[in-house]
Amino acid sequence: MSGNDQPNGSATERYNIREMEPHWQKVWADNKSFELAEDDPRDKMYVLEMFPYPSGRLHVGHVRNYAMGDVVARYHRAMNKAVLHPMGWDAFGLPAENAAKKSNVDPRQWTYDNIAAMRNQLQQMGLTLDWSREFATCDPEYYAHQQKLFLDFLEAGLVTRKKSRVNWDPVDQTVLANEQVIDGKGWRSGAEVEQRELVQWFFKITDYAEDLLSAIDTLDGWPDKVRIMQRNWIGKSEGMLIRWEIDPATAIGGIEELEVYTTRPDTIFGASFMAIAPDHPLATAAAKDNKDLTAFIEKCRRMGTSAATLETLEKEGVATGIHVKHPFDPDWTIPVYIANFVLMDYGTGAIFGCPSGDQRDLDFARKYDLPVVPVVMPKDADAASFEIGAESYADPGIMLNSKFLDGMANSEAFDEVARRLGNAEVNGRPQGERRTNYRLRDWGISRQRAWGCPVPIIHCDNCGVVPVPAADLPVELPDEFDLSKSGNALDHHPTWKYVTCPSCGADARRETDTMDTFVDSSWYFARFTAPKASTPTVPEIANAWLPVDQYIGGVEHAILHLLYSRFFTRAMHKTGHLDLDEPFKGMFTQGMVTHETYQNDKGVWLAPDQVQVDTVDGDRVATEIATGKPARIGSIEKMSKSKMNGIDPEDILNTHGADAARWFVLSDSPPERDVQWTEAGIESAHRFVQRIWKLVNEGQTLFSQSPSEVDTDTADADALRAKVHRTSAAVGEEIAGLRFNRAIAHIYELTNAMAKFVAETHEDPDAAHLAALREAVDHLVVIISPFMPHLAESCWQALGKQGLVCDALWPEVDESLLVDDNVTLPVQVNGKRRGEIVVPLDAPQSMVETKALSLDAVARILGGKPPRKLVIVPNRIVNVVA
RNA sequence: GCGGGCGUGGUGGAACUGGUAGACACACAGGACUUAAAAUCCUGAGGCCUUUGGCCGUGCGGGUUCAAAUCCCGCCGCCCGCACCA
């Protein structure tokens, strides 16, 4: 690829990427083109892409994400908006600590070095970012304000402390993240991981469960799938709390009842066992003098804490010997099991198992030989013969085997059970109460890690938990960390945690937990509106800009990050930092970037640059370059280190340029879907850059000629004008709707039409043709500018335009050129296309009918008989039913 | 396991609210230019057949409709998330 040095035979030089891209980047920077003026009076538009973790190298997924945001931002600049388009760094987190442990570097140094490298790469992309607003979440100037927010939330009653479980590595003496637990073992030590309870800090997101749920309905700028995922995550259910009396003969530890939450009280006569979580108080009591139970609970404790792990386990349980009495039959007792699939965090940590109505319960019952009594059956089933085999029946239906409920719809049975249990009493309280439950749990933010935002709290033996006074903020991280030791470096730092109590002056200790990095990213979008302010936000400014008009990021953040940000916005509202509840008006989740995988004959993964791919007899064949041996072309997968199928954007930017890279990642695939990176694809984008340059220059050459007499027939000039205006309108609409791939297809079509037109016009340029071409080129340069901003500037300059195309307005679309006088209607016979007719727009039915029926193909099939039916959809289609 | 999504030519995809399936691009083939190559330009193409015509065709199997990639029912496959990765 050395194409920049050779003239191609015509007068047009190749477009020199390596010269022009840095040139325009410098021009934009020197002009401060993308720095937003505080007093810009135009309509506001806030475009934001999820800020990256500074790993040190840009990933192709970032390129796609930021290319999308930049196209949107540039389009809105062209629509004459004041566009806020900032960038920063999600800079706290595990990788810095891991790097520090591995290579003995300072996590702070490592992080800021990475930021410098990535900023440089982002700048090479030619983005319209306002770098004057940049910050990293590990800047004390940022996290100081986060600590202030924590204190304000604490004062507002939005923070709590409680016990929760963590993955504990007994060898490394450290808390492990879920991703550090592999097959139940610590990734570094290989030791069996244990669950351990720690007292931790929580944000009370559950206080907002109902609000976070109901407000989802207002988020009409979000993808439906994200809204559905959020709804399901919050998981509202209407059920009952039922108190089951423990049979005194089997009671242990003086516990007299078992509280159970259920969404299916109607199935109460199908109950055949009770299951409690391994860490349920009753389980603890039962295990006290019971080795089997203790062993089982121990086993459960070594399963890790992630829900995915727990729920994919084989369902197991152990009977406690405890029995409960059935509320409607004092002689019926039901055994209580400790089960590995019941979670203490959900409901009451105890369930009643109804095997006929729940697959998980059925599997459990079959395994332990418990009764399976069908209590709900489909409407049309027969009560005498209805049985449960391998599958439970969980759908609505009619009650059976349920005494006084028999024959009712199960929804009626729900109400009847609620009524009866509400009137009964156990230990002086109602035996049953209706209860709305949420799956959503409070947000545990404590992390036992050094590279995070310190929780601004001091523990004093006299005063207990004491907030750090606002005047003492920030609580800064120490200058030096010793990450070589296991455990939390803040905790074993020689001096950092030792302070005096701000309340009584006695010796006290700092909280050594830091905050979850999701906290950092839950309000950065607000900080960008006033990044230098001495308070977390300047409310007037933040309220003027927020909510973010268009937020773009990976679908992997569809639940947690977005939900936490929504909570934070509400919490900041409550504490006076913001005056709104929903942070993101428009949300978009982009797909991943994938690539083929390659393996050599030994099964070793090969990187794309270690492989040469050729086409032999129409088949793609890969060769390992180092050995010359054939390599296997494997499946297309998400780029990953392990499979070696990643592409380094830096290489792409250097060889093909930012414009080609931006163009490629947005073409072909719809943005919400995965895009496959291919060498052919980026090369074609590169060729297209050159093609536009040539086209603009050829047009330019034509304009400089003096036109011949105006041709009386200007039909093809008019056709081009219609195409141009239609394209400008369509590209604008597609960008506004984030359908970049379609916008690009429109641009291809226009350039194809223009190339043809240029070739024809060369013969005999007349005034009408030259005017149409001139207009086409003018439009083209502006509508490509969001995608290929450097090339567009070069073209703009070549055309002798004033100023910069990044400041130019979108072309005015002449609506009168968009309407066609005639429409082409396909004509079907029995739903199969047999021909087409051309009729005037809004032609009368009789004309359409006559023309359609007179088509040869139609007449032949009808064979002289009249059609049975004629369906005419005006201006769309004709269907003849023979 | 639970929740969400996706599935269309050799490939990525397009197809508006049920209305011409395959736009646009890649790869491929043929041609022009060239001493040659690259680059560029032009042309062709879903599959099958008895080829101015016909049949089949949007993961699979049914259904609704004048008309289904699109709606409904039942399957299959792949991908993402699951609360300490970010």
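First, the conventions. Residues are numbered from 1 along each chain as its sequence is written, chains are lettered from A and ligands numbered from 1 in the order in which they are written, and side-chain values use heavy atoms, with hydrogens and water left out. Since the model is predicted, local features need pLDDT of at least 70 and side-chain atom pairs count only at pLDDT 80 or more, while totals for chains, interfaces and linings use all residues.

I start with the cores. A nonpolar core here is a set of buried Ala, Val, Leu, Ile, Met, Phe, Trp, Tyr and Cys residues joined through side-chain atoms within 4.5 Å. Buried means under 20% relative accessible area, exposed over 50%, and partly exposed in between, with a 1.4 Å probe and protein chains only. The largest core has 172 residues, and the members touching the most others are Phe150, Phe203, Tyr524, Phe568, Trp677 and Phe787. Apart from that core lies another, of 46 residues, including Met240 and Phe386. Tyr524 is in contact (heavy atoms within 4.5 Å) with Leu48, Glu49, Met50, Phe51, Phe135, Tyr142, Tyr551 and His561, if residues up to four places away in sequence are not counted.

Next, the sheets. Helices (H or I, at least four residues) and strands (E, at least two) are DSSP runs, numbered from the N terminus, and two strands pair if DSSP finds at least two bridges between them. One open sheet has three strands in the order 9-8-18, paired antiparallel. Its edge strands, each pairing on one side only, are strand 9 (257-262) and strand 18 (432-438). Strand 8, residues 236-245, is joined to strand 18 by seven bridges, and Leu241 stands opposite Glu433 in strand 18. Helix 12, residues 410-423, lies across strand 8 and strand 18, at about 45° to strand 8. For that angle, axes are lines fitted to C-alpha atoms, for helices over the stretch in contact, and angles run from 0 to 180 degrees between N-to-C directions.

Elsewhere, strand 3 (residues 159-169) and strand 7 (residues 194-203) pair antiparallel over 10 bridges. Strand 7 is also joined to strand 19 (residues 443-444), by two bridges and again antiparallel.

Asn167 lies in strand 3, and its bridge partner in strand 7 is Gln195. Is Asn167 buried or exposed? Asn167 counts as buried because its relative accessibility is 2%. Its side chain makes a polar contact of 2.9 Å with the side chain of Asn178. A polar contact is a pair of N or O atoms within 3.5 Å; within protein, one must be able to donate a hydrogen and the other to accept it, and residues adjacent in sequence count only if both atoms are side-chain atoms.

Of the atoms of RNA strand B within 4 Å of the protein, 65% belong to sugar and phosphate. A backbone N or O atom of Asn178 is 2.7 Å from a sugar or linking oxygen of RNA strand B. For Asn879, a polar side-chain atom lies 2.6 Å from a base oxygen of RNA strand B. Helix 21 (residues 740-761) gives the most to this surface, with six residues.

Note on methods: Near = heavy atom within 4 Å.
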